[in-house]
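Please read the briefing below alongside the sequence and the model. It takes confidence as its starting topic and then turns to the chains, their contact and some local features.

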Amino acid sequence: MGEALSPAAKADSAASTAPHRRVRHPGTVQVLATGIPLLLLAAAAVAAPWLPIPDAGAIDLGSSLSPPVWADGGGWDHVLGTDQLGRDLGARLLWGARLTLLIAFSSTILGAIVGTTLGMLAGYVRGWTDFAISRVIDAQLAIPFLLLAITIMTARGQSVGAIVAVLAIIGWAQYARVIRSEVLTLRSRPFILGLQIAGASPARIIFRHVLPNIADTLLVLATLQVGYVILAESALSFIGLGVTSPDISWGAMLADGRELMTSAWWLVAFPGLAITLVVVLISLLGDGLKARYDPRAGAR
Amino acid sequence: MTAAPSSNVTAHGRREIPALGRFIAARAAGGLLTLLLALTIAFFLARAAGDPARQMLGSLASDQAVAALNRQLGYDRPLPVQYVSFIGDTLTGNFGESLRYSRANLALILDRFPATLQLTAAALLIAIVVGGLLGLLSALRQGSLLDRIANLGTLVLLSLPLFWLGLMLAELFAVRFQLLPAGGYGEFRHLILPAVTLSGYVLGQIARLTRASMISVLREPYIALARAHGIGATRIAFVHALRNAALPVVTLIGVQSGMLMSGAVTVEFVFAWPGIGLLTTDAVLARDVPLVQALVVFGAIMFVAINLVVDLAYAAIDPRIRAPRHG
C-alpha cells in the first residue's frame, strides 16, 4: 500500500506528518501533474478548428448513433461514437470544451473581480461598510444557486453573456467572504499601520499592498471556483436554461443525449465523464496550489 | 435565607435564560434581515434586469400582448412600487398566482413539498450515515487503503454533475439490470435511486469534514488522557471524540441545505420525482415567471429557516456559542 503512493500524495503526507522533511515546495508535483493536462485540453479546445479531427457539425445520417470503437458496431472513423445525426462525438466534445471553458473562465474572473473588491473593502474599511457588505454576502448565499440562476434566466432570456453574468453573480459572494476575513487579519499587521502613518491613501494601501498579500488565496479560490462554475453551467444547460443548440457545451450535450440514452449510452456517458475528469483535475490543482503557497495548509 | 437577587443568575453572575432568549432573538432577527436582503436581490435581478413578459410570450408576440401581460402582472408599475408590494405580499404569505396552472403558487408549492422533503431527508440520512462512517473510519485508519479509496471516491463525488450520476445509475440499475425503477413515486423502491443520487455531493462533503474534524479532535489532550486511563480505542472514537468532531458537521449540514435544494431540481427532473424541483423545471419550460419567483422566495425562506434551526441546535450542543461575547 505504501509503495503505491503517487509522488504528490507522498509529498502531501510528508508535509502533514513531518514538516522538517518537507520538500521546499510541497504541491509542485501535483500542480504540474494536473495543470499540464488542463492546459493541453484548453490549448486543444482553442485550436479545435485547425486540428485534424472530424468536423463537429458534419451530418452523416448513414453512420447515425454508431457506438464507440470498442463496442459492437463501432469503428475507428468515430472513436467515441456518433449522435443521432451521425456527428462525431469526440469532435463535439472538443468543440463543447470551447464554450464550457470560455464560460467557466470568464465568469470566474468576473466574479473574482467583484468579490475581491468588495471583500477587501469590507475587511479594510470595517464598520458600516463591512456590516452592509457582509449582510449582502449572507443574503446572496441564502438563495440556492440554481434557483437564483433560473430566476434571472427566465426573466432575462438566454445568451452566453447572460450565462456568464449569472454564474459570476452566483460566485462573487464566495470570494468576498474569504477575502474579507483574510484582509481582516492582514489589516492588523504592523506594515499596514506604517503605511497609514506614512499617509498612504486607503485605495493605494488596498490595491498596492493588501492585494499582493492575498493573491495566493485568491489564486487557489479562483481555481476551485472554475470547477464549481463548470458544474453549475452543466446543470443550467441540462434543464434547458443554459447553452442551447446550435451552440454546444458539455452540459448542453448531456441535455441532448438524455432522450437517446437508452439506445446510445455514450451520448450521456462521455460528456459527463469529461466534466467529472476536468473538475477532478481542477480540484487537485487547487489543492496543489494551496499546499504550495499556503504554509498553514500542510499543518492541517 | 436571604432572597437571591435572581433565581437564574449563575455562579458567573450571568443571567442564563435571558441570555439564551437574547441569543435566539438576535439570530431570528439576523435571519429575517438576511431573508429580506435575499428577496431584494432576487427581485431586482429578475425584474430590473429582465423583461419577463417578453420572455413568457416569446419573440413573436405583439407589443400589445406583452404590454397587456405586463399590466396583468403589475410589471408596468414603477419598480419601487413593485418592490414594496412584492415584499409586502411575501411577508403576508401571498406568493402570487401561477400563469400556467391558474392556482395560487403557495398551494402548488405546498402540494409538492412532501415529496421533496421525503427525498431530501432520505438523501441527508444516507449522506450523514455513510459519509460520517466513511470519514470516521478514514480518520482512524489514516493512510490506509480504505482512507485512500475514500479520498478518491469523495473527490469524484464532489466533482461530478449530480444529474449525470442519476442518469448513469438509472441506466445501470433500471435499464441494464432492471433492479429498480428509474421513475415513479409512492413506494420505497422508487425512492432509492433518487435519494442515493441526491446524497452524493453532501456525502462527499460530510465524509471529508468528518475525517478532518476527527483527526484534529484525536490530537486533543483530553483524548490522550482518556487513552492513559485505559479506555478502549473504539469507545474513545465513538463516545469521546465523535461528539466534538460532529460540531462542524452540524454547521455544514445547514450550509449544504442550499446545495441539496439546487441538487433536488436536477435530480427530480431526471427521475420525474413529483416534488418542488420538478415543479421548478416545469415552470421554467412553461416560462411561468410568477411561479419561478415564488419558488425562489420559498427556497430562500427554507434556507434561512434551516440555518436558524442549525444555529440554535448548535448552541444547544455547544454552550460556548451562546455565551455573550465581550469586547
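Residues are numbered from 1 along each chain as its sequence is written, while chains are lettered from A and ligands numbered from 1 in the order in which they are written. Because this is a predicted model, local features need pLDDT of at least 70 and side-chain atom pairs count only at pLDDT 80 or more, whereas totals for chains, interfaces and linings use all residues.

**Confidence**

- The mean pLDDT of chain A is 84, with 89% of its residues reaching 70 or more, and chain B averages a pLDDT of 85, with 91% of the residues scoring at least 70.
- Over residues 1-10 of chain B the pLDDT is below 50, and beyond near neighbours in sequence this stretch has 6 contacts in the model.
- For the complex, the predictor gives an ipTM of 0.85 and a pTM of 0.86.

**The two chains**

- Chain A has 10 helices and 0 strands, and of its 300 residues 48% count as buried, a residue being buried if 20 or more other C-beta atoms lie within 10 Å of its own, exposed if 12 or fewer, and partly exposed in between, with C-beta atoms placed from the backbone.
- Chain B has 13 helices and 0 strands, and buried residues make up 38% of its 327 residues.
- The C-alpha atoms of chain B fill a box of roughly 80 × 70 × 35 Å, taken along the principal axes.
- Among contacts between residues at least 6 apart in sequence, 67% in chain A join residues at least 24 apart, and the corresponding share in chain B is 71%.

**Where the chains meet**

- The contact takes 47 residues from chain B and 43 residues from chain A.
- The side of chain B that touches chain A has, by class, 33 nonpolar, 12 polar and 2 charged residues; here Ala, Val, Leu, Ile, Met, Phe, Trp, Tyr, Cys and Pro count as nonpolar, Asp, Glu, Lys and Arg as charged, and the others, Gly among them, as polar.
- The buried residues of H6(B) are Ala150(B), Thr154(B), Leu157(B), Leu158(B) and Ser159(B), and they pack against H8 and helix H10 (266-293) of chain A together with H5 and helix H8 (188-218) of chain B.

**Nonpolar cores**

- The largest nonpolar core has 156 residues, and those with the most contacts inside it are Ala149(A), Ala38(B), Ala42(B), Leu295(B) and Ala300(B); such a core is a set of buried Ala, Val, Leu, Ile, Met, Phe, Trp, Tyr and Cys residues joined through C-beta atoms within 7 Å.
- The largest share of this core, 15 residues, comes from helix H3 (residues 89-125) of chain A.
- Leaving aside its neighbours within four places in sequence, Ala149(A) is in contact with Val166(A), Ile170(A) and Leu236(A).

**Helix geometry**

- H8(A) is followed by Gly240(A), whose phi is positive, near 85 degrees.
- The 15 residues of H6(B) should span 21 Å at 1.5 Å a residue, which agrees with the 21 Å between its end C-alpha atoms.

**Positive phi outside glycine**

- Ser102(B), found in the loop between helix H4 (79-91) and helix H5 (105-140) of chain B, has a positive phi of about 50 degrees although it is not a glycine.
- Ser102(B) is exposed, with 7 other C-beta atoms within 10 Å.
- Ala272(B), which lies in the loop between H10 and H11 of chain B, has a positive phi near 50 degrees and is a residue other than glycine.
- Ala272(B) is partly exposed, with 13 other C-beta atoms within 10 Å.

Methods:
pLDDT is the predictor's confidence in each residue, from 0 to 100. Two residues are in contact if their C-beta atoms, placed from the backbone, lie within 7 Å. Helices (H or I, at least four residues) and strands (E, at least two) are DSSP runs, numbered from the N terminus. The expected span of a helix is 1.5 Å times one less than its number of residues.
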